[in-house]
Amino acid sequence: MTESAAHLRIIEETPAYWRVVFDNPPLNIVGARMFEDLQDLLARMDASPSLRVVVFESANPEFYLAHFALTAESLGLLKTAGPSGLPILMDAFVRLTRSPIVSIAKIRGRARGVGSEFVLACDMRFASRENAVLAQVEVGAGVHPGGGGTERLPLLLGRGRALEIILGANDFDGATAERYGYVNRALPDAELDGFVDVLARRIASFDRRPIAAAKNLVNQVSLPSVDRLLDGLNSFTAALTWPESQRRFQALFNRGLNRPGEMENRFGELLGTLLDEQ
């Protein structure tokens, strides 16, 4: 069974195992409508007692989730509260992490900025060795991560590697991401789908109560506090007003941000020369 929303397609492989496909052409940019669809999905997951596992993937093999949409509508997500009482951007990620349902990111293509923060909020991450790119590009754009990147990465990778990713603001290929612990595994692209499907079906075959209990116990010793996440989001909101961020945002748009082409393809690399022509 397949159902479509504006930017998500939900494929019910079985009552216990769903695939969710990001489908917002041409670049899978994450905006207000994407988060609206995520909110609907989370509510539907909560109302599905047979569900055990959800795999998140992309319809575009080149872009998993490109980055956050810098629009007035999307920036409203930083202030508008979701069902948990947290701002919608954070609400979606925290609810996904706390859900009794297991979330698996199957990464093929580019996952930068908030796209990286989405996969960090998932329980597991598996990437294409040849065709996955992960990055926290915000510092190079004049701000810093605000959706959990600064809080989740040190817990996964350690301080030094987290700072390399965040302050370097560059792209990481699948093999390096695996070595650092950014993803669980990087697999040959031809094997990625089969591996994730087998794992998801195996988990889906188990009982929901022990899955939920085990995930909750792991969460208690491995997740950042909501207060720390809020501090990061509030700091990000303030950073959006800095003169240096405004200057770099304008340079990004001048270079082709949000449009298919070199800027989006080589985002991390080009941040190092962003102001050379200003």
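**A close look at the core**

Analyst: Keep in mind that this is a predicted model. Let's start at Phe 35: leaving aside residues up to four places away in sequence, Phe 35 touches Val 30, Phe 68, Leu 77, Ile 88, Leu 89, Ala 92, Phe 93 and Val 114. Phe 35 sits in the largest nonpolar core, which has 70 residues, and is one of the five that touch the most other members, along with Phe 56, Tyr 64, Ile 107 and Phe 118. As for which helix gives the most to this core, that's α3 (residues 88–98), with seven residues. There's also a second, separate core of 15 residues, and Ala 16, Val 53, Val 55 and Leu 192 are among them. In soluble globular proteins, nonpolar side chains tend to be buried together.

Now for the helix, α11. With 13 residues (243–255) at 1.5 Å a residue, α11 should span 18 Å, and its end C-alpha atoms are 19 Å apart, so the two agree. Its buried residues are Ser 245, Phe 249, Ala 251 and Leu 252. These cover an arc of only 160° around the axis, so they lie on the same side of α11. What do they pack against? The buried residues of α11 pack against α10 (226–239), α12 (262–265) and α13 (267–271). Just after α11 comes Gly 256, which takes a positive phi of about 120°.

Technical notes: Residues are numbered from 1 along each chain as its sequence is written. This is a predicted model: local features need pLDDT of at least 70, side-chain atom pairs count only at pLDDT 80 or more; totals for chains, interfaces and linings use all residues. Side-chain values use heavy atoms; hydrogens and water are left out. A nonpolar core is a set of buried Ala, Val, Leu, Ile, Met, Phe, Trp, Tyr and Cys residues joined through side-chain atoms within 4.5 Å. Buried means under 20% relative accessible area, exposed over 50%, partly exposed in between (1.4 Å probe, protein chains only). Helices (H or I, at least four residues) and strands (E, at least two) are DSSP runs, numbered from the N terminus. Contact means heavy atoms within 4.5 Å. The expected span of a helix is 1.5 Å times one less than its number of residues. The arc is that of the directions from the helix axis to the C-beta atoms.
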